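This report describes the fold, the surface and selected local features of one protein model. The sequence and the coordinates are shown first.

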Amino acid sequence: MPYLLQVDFPYPGPWGDAMTAAMTGLAQSIAGEPGLLWKLWTENEAAGDEVPPVLVPRAY
């Protein structure tokens, strides 16, 4: 059974397109992790945080 992991953490920016440019290398690295099914990054500039839920096939 897949598991959904969500970690909320403070993030001061950058936001929007600048965040995409700044995080591309990290996102590509995470995408290569064994067992990763998908990862979605959301941003909430008003709250100053970022929420990246990750779906993995089992708990490690």
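## Fold and confidence

The protein comprises one helix and six strands, where helices (H or I, at least four residues) and strands (E, at least two) are DSSP runs numbered from the N terminus. Read from the N terminus, the order of elements is β-β-α-β-β-β-β.

This is a predicted model, in which local features need pLDDT of at least 70 and side-chain atom pairs count only at pLDDT 80 or more, while totals for chains, interfaces and linings use all residues. Residues are numbered from 1 along each chain as its sequence is written, and side-chain values use heavy atoms, with hydrogens and water left out. The average pLDDT (the predictor's confidence in each residue, from 0 to 100) is 77, and 82% of the residues score at least 70.

## Burial and contacts

Of the 60 residues, 20% count as buried; buried means under 20% relative accessible area, exposed over 50%, and partly exposed in between (1.4 Å probe, protein chains only). The accessible surface amounts to about 4,200 Å², and carbon and sulfur atoms account for 62% of this area. Accessible areas come from the Shrake-Rupley method with a 1.4 Å probe, and for residues only the protein chains shown count as cover.

Among contacts (heavy atoms within 4.5 Å) between residues at least 6 apart in sequence, 58% join residues at least 24 apart.

Pro-14 lies in the loop between strand E2 (9-10) and helix H1 (16-31). The peptide bond leading from Gly-13 to Pro-14 is cis, with omega near 10°.

The structure contains one aromatic pair. Tyr-11 and Trp-15 form this pair, which is edge-to-face, with 5.2 Å centre to centre and 90° between the planes. Rings of Phe, Tyr and Trp (its six-membered ring) pair if their centres lie within 6.5 Å; planes under 30 degrees apart count as stacked, over 60 as edge-to-face and the rest as tilted. Both Tyr-11 and Trp-15 are buried.

The C-alpha atoms of Leu-36 and Pro-2 are separated by 9.9 Å, although the two residues are 34 apart along the chain.
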